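Colleague: Please take me through this model one point at a time. I would like the conventions stated as the terms come up.

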Amino acid sequence: MAFRAAVITFPGSNCDRDMAVAIERVTGTAPLRVWHADAELPERLDFIALPGGFSYGDYLRSGAMAANSPVMRGVKQQAERGVPVLGVCNGFQVLTEAGLLPGALMRNASQNFICRTVPLTVENNQSLFTGGYDQGQTIHIPVAHHDGNYFADEDTLDRIEGEGRVAFRYVENCNGSRRDIAGVLNAAGNVLGMMPHPERAVDPAHGGTDGLALFENALKALAEA
């Protein structure tokens with residue numbers, strides 16, 4: 001049976017095609033494209049991706065309006081059933097606003113839009129997303145955000161640190177994120193939110209391929225399961 005992935009598009013998404021191309025590059029199968037207003041997700045999904053962009057123009061709060069889109073009911077249900085869900089940049093913001101991940105993404109500490117490749121440390125290589133990396137490995141992934149400053153209260157930060165749910169940290173904190181956090185997992189390990197864009201680092205022509213292992217390992221883990 002062919003690998004069935006879905007990429008969700010919200011009004012203002014602008015990295016949905018990038019995500020779809022990255023998934024097809026790894027799996028050999030084009031993902032299904034799902035509009036945010038769809039009441040139901042396609043059946044038998046193996047993977048769901050929420051891409052970057054500026055859903056609803058970042059009005060109210062980044063990701064807050066998209067988190068209430070009809071399709072998010074299905075995303076929550078699939079996540080609870082164990083389907084892997086990846087949220088990148090605006091997708092990370094949507095996942096926090098929807099309650100699928102702890103914390104919130106605030107305006108960058110510099111108050112400026114940041115667009116460059118940054119080094120990350122792999123903090124947890126035991127998840128289906130990160131198993132293709134070595135613990136402590138430094139990888140280089142592009143960022144492009146204005147509201148990427150990860151915030152959570154101290155109790156929440158202590159909890160996710162203690163549970164090994166910090167997936168990636170910035171080597172050099174580019175946006176003010178608490179404890180240099182760049183990516184967070186849910187308690188079950190099947191939902192990952194990260195501000196850097198792994199889908200923009202899957203081809204040498206992009207300047208690097210450090211994002212490729214994330215997609216490859218997710219596919220491998222699902223095949224083994």
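**Reading the model**

Colleague: At 28% relative accessibility, which class does arginine 179 fall into?
Modeller: This is a predicted model, in which local features need pLDDT of at least 70 and side-chain atom pairs count only at pLDDT 80 or more, while totals for chains, interfaces and linings use all residues. Residues are numbered from 1 along each chain as its sequence is written, and side-chain values use heavy atoms, with hydrogens and water left out. Buried means under 20% relative accessible area and exposed means over 50%, with partly exposed in between (1.4 Å probe, protein chains only). At 28%, arginine 179 is therefore partly exposed.

Colleague: Where does arginine 179 sit, and what is its phi?
Modeller: Helices (H or I, at least four residues) and strands (E, at least two) are DSSP runs, numbered from the N terminus. By that numbering, arginine 179 lies in the loop between strand 9 and strand 10. Arginine 179 is not a glycine, yet its phi is positive, near 55°.

Colleague: Which residue forms a salt bridge with arginine 179, with closest N and O atoms 3.7 Å apart?
Modeller: A salt bridge is a side-chain nitrogen of Lys or Arg within 4 Å of a carboxyl oxygen of Asp or Glu. The partner is glutamate 161, at 3.7 Å between the closest N and O atoms. It lies in helix 4, so the pair ties the helix to the loop between strand 9 and strand 10, across 18 residues of sequence.

Colleague: Which residues do salt bridges with shared partners join into one network?
Modeller: The structure holds 13 salt bridges. Those that share partners join one group of residues: Glu123, Glu154, Asp158, Glu161, Arg169, Arg178 and Arg179.

Colleague: How far apart in sequence are the parts tied by arginine 178 and glutamate 154?
Modeller: These two form a salt bridge, their closest N and O atoms being 2.1 Å apart. Arginine 178 lies in the loop between strand 9 (166-170) and strand 10 (181-185), and glutamate 154 in helix 4 (residues 154-162), so the separation is 24 residues.

Colleague: How is helix 1 oriented to helix 5?
Modeller: Axes are lines fitted to C-alpha atoms, for helices over the stretch in contact, with angles from 0 to 180 degrees between N-to-C directions. The axes of helix 1 (residues 16-27) and helix 5 (residues 212-224) come within 10 Å and cross at roughly 55°. Angles under 35 degrees count as roughly parallel, over 145 as roughly antiparallel, 65 to 115 as roughly perpendicular and the rest as oblique. Helix 1 is therefore oblique to helix 5.

Colleague: Which residues of helix 5 make the contact with helix 1?
Modeller: Contact means heavy atoms within 4.5 Å. Helix 1 contributes Met19, Ala22, Ile23, Arg25, Val26 and Thr27, and helix 5 contributes Leu212, Phe215, Glu216 and Leu219.

Colleague: Is leucine 60 buried or exposed?
Modeller: Leucine 60 is in the loop between strand 3 (47-50) and helix 2 (71-80). Its phi is positive, about 70°, although leucine 60 is not a glycine. At 68% relative accessibility, leucine 60 is exposed.
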